[in-house]
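Look at the sequence and structure first.

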Amino acid sequence: QVQLVESGGGSVQAGGSLTLSCTTSRDSLRTYYIMGWFRHAPGKEREGVAGIYIGGGRTYYADSVKGRFTISQDNAKNTLYLQMNSLKPEDTAMYYCAADPLPRTAVLGNPAEYRYWGQGTQVTVSS
């Protein structure tokens, strides 16, 4: 059974930074074709924050996070990261890591493209 485990969430003040990590139970990130980060805040729809093609490195960012968040991968550590800078109160949400192994052209910000999901890590940004 595939497992994705997020970590790195927490509480920060506006303007601060956090780095989220997502580790996988699989032997390598390269067994996935795409991976992404999503967030879900109370009263809002789930939002695709960032995504990446694991083999090619092409990335996607939601407009709301462009220039502030960076998605990256460390194949040696089997870990996906989300570096979050200049955090705002509206970034407060549960953040989820997602992955899918099927090779194809995907809409990285669409949650329906992902088969596997982690349990989430909470990010709270205070003003």
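Buried means under 20% relative accessible area, exposed means over 50%, and partly exposed is in between (1.4 Å probe, protein chains only). This is a predicted model, where local features need pLDDT of at least 70, side-chain atom pairs count only at pLDDT 80 or more, and totals for chains, interfaces and linings use all residues. Residues are numbered from 1 along each chain as its sequence is written, and side-chain values use heavy atoms, with hydrogens and water left out.

**Positive phi**
- Ser86 is not a glycine, yet has a positive phi of about 50°.
- Ser86 sits in the loop between S8 and strand S9 (93-100). Helices (H or I, at least four residues) and strands (E, at least two) are DSSP runs, numbered from the N terminus.
- Ser86 is partly exposed, at 41% relative accessible area.
- Asn78 also has a positive phi of about 50°, and Asn78 is not a glycine.
- The loop holding Asn78 runs between strand S7 (69-74) and strand S8 (79-84).
- Asn78 is buried, at 15% relative accessible area.

**Disulfide**
- The count is 1 disulfide, taken as a pair of cysteine sulfur atoms within 2.5 Å.
- Cys22 is joined to Cys97, with S to S at 2.1 Å.
- The link of Cys22 and Cys97 is left-handed, with -75° about the S-S bond.
- Cys22 lies in strand S3 (residues 18-24) and Cys97 in strand S9, so the pair ties together parts 75 residues apart in sequence.
- Cys22 is buried, with a relative accessible area of 1%.
- Cys97 is buried, with a relative accessible area of 0%.
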